Amino acid sequence: MTHSIPLSSPIRAARIGLACLLSASVALSPVAVLAQQQGPAQHQPRKAPEGRRLPPDSSTEHSVDLQNGRTLTFTATAGSLALVDEDGKLQSEIAFIAYTKTRKPEEAATRPITFGVNGGPGAASAYLNIGAIGPWRLPTDGASISPSQATALQPNPATWLDFTDLVFIDPVGTGYSRAAEGDAKKYWSVDADASVLAAAIARYLRQNDRLASPKFFVGESYGGFRGPLIAQKLQQDVGLGLSGLVLLSPVLDFGWLESARTTPWGFVTRLPSFAAASLERSGTTPSRALMKDAEAYAAGDYLTDLLKGPGDREAVARLTTRVSALAGLDPDIVRRQAGRLSSRGYQREIGRDSGRVSSAYDTGVTGWDPDPTADHSGFEDPVLTALQAPLTTAMVQLYTGRLNWRVENMRYELLSNSVNRGWNWGSGRSAPEAMGALKEVLALDGRMRVLVAHGFTDLVTPYFASKMLLDQVPVYGSADRLKLSVYPGGHMFYTRPDSRNAFHDDAADLFARALEARSDGSAAGGTGAGATMPEKRPTP
């Protein structure tokens with residue numbers, strides 16, 4: 001997840017050269033090669049590069065009992081990929097956890113494999129792994145989260161392992177991944193990061209004889225931003241094609257996320273989420289049908305009145321009436337802000353009478369305001385900060401206990417502020433965006449499918465921003481190739497059982513459609529005989 005997406009990150013210059021990173025060889029240790037090899041022996045063990053600190057890979061066998069009498073048996077491998085330069089010198093070690101369902105070796109060509117990455121930048125993949133789609137999960141349901149909660153993992157009935165193998169990757173500076181000589185900053189840029197992750201994915205596939213497998217990617221928040229960039233680099237620089245992308249609570253264009261208060265865009269993108277939060281507080285579960293009026297107003301009359309400026313009294317009066325009703329706030333509060341609600345203010349106002357503050361990641365999760373009588377109160381996020389301790393503990397226990405992979409003298413980095421604050425956002429006058437890459441990979445590969453998934457009550461990456469951006473994407477042959485799904489909950493909507501199950505079903509449907517297109521050779525929107533005429537894509 002992009003849990004700590006910088007809301008006011010400067011777009012810095014200095015772009016790193018990628019020739020070395022793109023051509024870098026990625027090697028596994030001899031132990032790992034033997035342990036992970038699928039099928040008949042055909043690889044000669046390679047000498048591990050000097051300077052490795054992470055232990056040899058560990059593979060263990062497991063089974064989990066799921067609902068309806070289902071049992072999944074699988075192999076879990078915890079280990080690392082060693083990135084080396086052309087001279088064989090170690091550059092970095094990329095930690096991963098892979099779950100592969102028990103199968104016959106010849107089934108590798110048809111069994112899908114999915115690579116999971118979280119965001120930040122600076123977040124390890126634990127959130128997706130033990131929060132959403134792995135075979136085990138840490139329960140964090142409820143209206144509040146306790147940092148001192150129990151950390152025992154439970155079987156996850158909504159795991160994606162029933163329809164795809166899973167490989168969770170931690171970028172340099174997160175989890176146990178590290179730069180070999182302490183020069184990690186060369187990895188901390190938009191372009192270099194995507195290049196290294198693409199190279200790691202390619203090496204894992206080659207090393208484990210999975211090049212023929214249908215390949216997918218799932219990324220959360222900044223990980224969702226990474227998705228189209230990685231797909232593009234795999235297509236163009238590495239020579240591999242992904243069958244599908246799942247972008248969970250993504251940032252598709254940072255220019256929309258970081259709108260200044262002097263522009264109306266940020267207010268427009270968040271108003272439907274404020275309205276969804278109000279519905280939820282009244283006991284009503286938000287749905288796309290219930291949100292139609294709020295969405296139409298946000299992109300219509302609301303935007304029109306915002307453009308008139310706060311000096312137009314009639315516009316402010318109209319804004320006050322509609323926004324206070326939609327957001328469930330006192331009209332006086334809305335009038336003082338001229339209808340321009342801030343996320344931080346909203347988090348505090350909706351629980352002010354009870355001394356509670358809501359999370360920007362999910363307004364349905366609250367914590368105590370540390371200084372409720374102050375005009376302005378600084379407070380830690382009731383989701384992001386509260387999850388830090390239990391997720392970190394649970395991951396270390398998973399590594400050392402079930403996976404038998406013990407890392408000595410290294411700290412597990414769930415969410416690194418050093419990575420986040422040191423990120424190089426690229427050169428130029430424009431904010432980073434992934435929409436260009438998304439359109440290019442969809443247009444180039446008529447079989448690829450993309451699911452964009454959001455929670456209604458997420459104020460960090462509001463769903464309405466993605467909806468408006470996706471509405472600008474042409475239909476490349478078939479209307480169902482690009483889908484937006486929105487679920488009750490916030491940035492990590494998967495903490496709610498019903499949303500987690502619905503997400504599982506939507507992802508399984510995407511995989512099934514992608515595999516069908518792959519098997520029958522169809523490529524909607526392709527050229528030549530059998531190409532379908534473009535049709536208008538319904539508003540997601």
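Guide: A salt bridge here is a side-chain nitrogen of Lys or Arg within 4 Å of a carboxyl oxygen of Asp or Glu. In this predicted model, the structure holds 21 such salt bridges. One of them joins Lys233 to Asp191, with the closest N and O atoms 2.8 Å apart, and this pair ties together distant parts of the chain, since Lys233 sits in helix α5 (residues 222–238) and Asp191 in helix α4, 42 residues apart. Lys233 counts as buried because its relative accessibility is 11%, and Asp191 is likewise buried, with a relative accessible area of 19%, the cut-off for buried being under 20%.

Another salt bridge is formed by the side chains of Arg513 and Asp480, at 2.7 Å from N to O. Here too distant parts of the chain are linked, with Arg513 in helix α16 (residues 497–520) and Asp480 in the loop between α15 (463–470) and β15 (482–487), 33 residues apart. Arg513 is partly exposed, at a relative accessible area of 36%, and Asp480 also counts as partly exposed, at 29%. Both belong to a network of salt bridges that links Arg449, Asp480, Asp509 and Arg513; Arg449, in turn, is among the residues in contact with Leu245.

A further pair, Glu413 and Arg411, meets through its side chains at 3.6 Å, N to O; Glu413 is partly exposed, with a relative accessible area of 22%, whereas Arg411 counts as exposed at 65%.

Asp170, by contrast, is buried yet has no salt bridge, and the nearest side chain of opposite charge, Arg226, is 8.6 Å away. The side chain of Asp170 instead makes a polar contact with the side chain of Ser125, at 2.8 Å.

Conventions:
Residues numbered from 1 in each chain as written. Predicted model: local features only at pLDDT ≥ 70, side-chain atom pairs only at ≥ 80, totals over all residues. Heavy atoms only, no water. Buried < 20%, exposed > 50% of the residue type's maximum accessible area, 1.4 Å probe, protein only. Lys, Arg positive; Asp, Glu negative; His and termini not counted. Polar contact = N/O pair within 3.5 Å; in protein donor to acceptor, adjacent residues only side chain to side chain. Contact = heavy atoms within 4.5 Å. Helix = DSSP H or I, 4+ residues; strand = E, 2+ residues; numbered from the N terminus. Lists of a residue's contacts leave out its neighbours within four places in sequence.
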